[in-house]
Amino acid sequence: MITLLLMRHAKSDWSAAGLTDHDRPLNARGERDAPTMAKRLADAGVRPEIILTSTAVRARMTAEAQSTALGCELTLVPTLYGASASTLMSHAARSGARTVMIVAHDPGMTDLTGDLSEGGISHMPTAAIATFTWQTDDWNTAITVQPDSWSLDTPR
């Protein structure tokens, strides 16, 4: 079985003047929500083989909370910053992992989750995790068919 966890980074801080979009950190809510979502995954027994994250500070901080709580390898992927839905899916498939988490940004996250849920997910809130499963061990198959199941968990 293949499981894909798609997580939009937690809420970022817009108040820090002079920072580029890439360098914005999490705000207080984001710093609270990222570990909350990691704890939910840990409590549910979910443990990705690998976490792929955008290099943006807010995504990295979100992914680090997941990695720490779940004891997972974390890999920084520069091309996940501003990635399209197809790029996100491509990175998941190329990981070769049966259970992979990607931490990245909108609009790519909402686009991909909307596609995979056939419109069931119309928006990915910050710190939300969408989980998709396929009853196959072959990513070449998974990328060509709709998942067998999906769910969405949000921090609120």
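At what angle do the axes of helix H3 (residues 85–95) and helix H4 (residues 108–116) cross? They cross at roughly 75° and come within 8 Å. What you're looking at is a predicted model, where local features need pLDDT of at least 70, side-chain atom pairs count only at pLDDT 80 or more, and totals for chains, interfaces and linings use all residues. Residues are numbered from 1 along each chain as its sequence is written, and side-chain values use heavy atoms, with hydrogens and water left out.

- Helices here are DSSP runs (H or I) of at least four residues, strands (E) are runs of at least two, and both are numbered from the N terminus.
- Axes are lines fitted to C-alpha atoms, for helices over the stretch in contact, with angles running from 0 to 180 degrees between N-to-C directions.
- The crossing of roughly 75° makes H3 roughly perpendicular to H4 (65 to 115 degrees; under 35 is roughly parallel, over 145 roughly antiparallel, the rest oblique).
- On the H3 side, Ala85, Leu88 and Met89 are in contact (heavy atoms within 4.5 Å) with Gly108, Met109, Asp111, Leu112, Asp115 and Leu116 of H4.
- Sort the residues of that contact and you get six nonpolar, one polar and two charged (nonpolar: Ala, Val, Leu, Ile, Met, Phe, Trp, Tyr, Cys and Pro; charged: Asp, Glu, Lys and Arg; polar: the others, Gly among them).

**Two loop residues**

- His105 sits in the loop between strand E4 (99–104) and H4, and it is buried, at 4% relative accessible area (buried is under 20%, exposed over 50%, partly exposed in between, using a 1.4 Å probe and protein chains only).
- Leaving out residues up to four places away in sequence, the ones His105 touches include His9, Ser54, Leu80 and Tyr81.
- The His105 side chain also makes a polar contact with the side chain of Ser54, at 2.7 Å (a pair of N or O atoms within 3.5 Å; within protein, one must be able to donate a hydrogen and the other to accept it, and residues adjacent in sequence count only if both atoms are side-chain atoms).
- Arg24 is in the loop between strand E1 (2–8) and helix H1 (28–43), and it counts as buried too, at 6% relative accessibility.
- The side chain of Arg24 has a polar contact of 2.3 Å with the side chain of Ser12.

**A pair of rings**

- Rings of Phe, Tyr and Trp (its six-membered ring) pair if their centres lie within 6.5 Å, and the count comes to one aromatic pair.
- That pair is Trp134 and Trp139, with ring centres 6.0 Å apart and planes at 55°, so it is tilted (under 30 degrees is stacked, over 60 edge-to-face, the rest tilted).
- Trp134 is buried at 1% relative accessible area, and Trp139 is buried at 6%.
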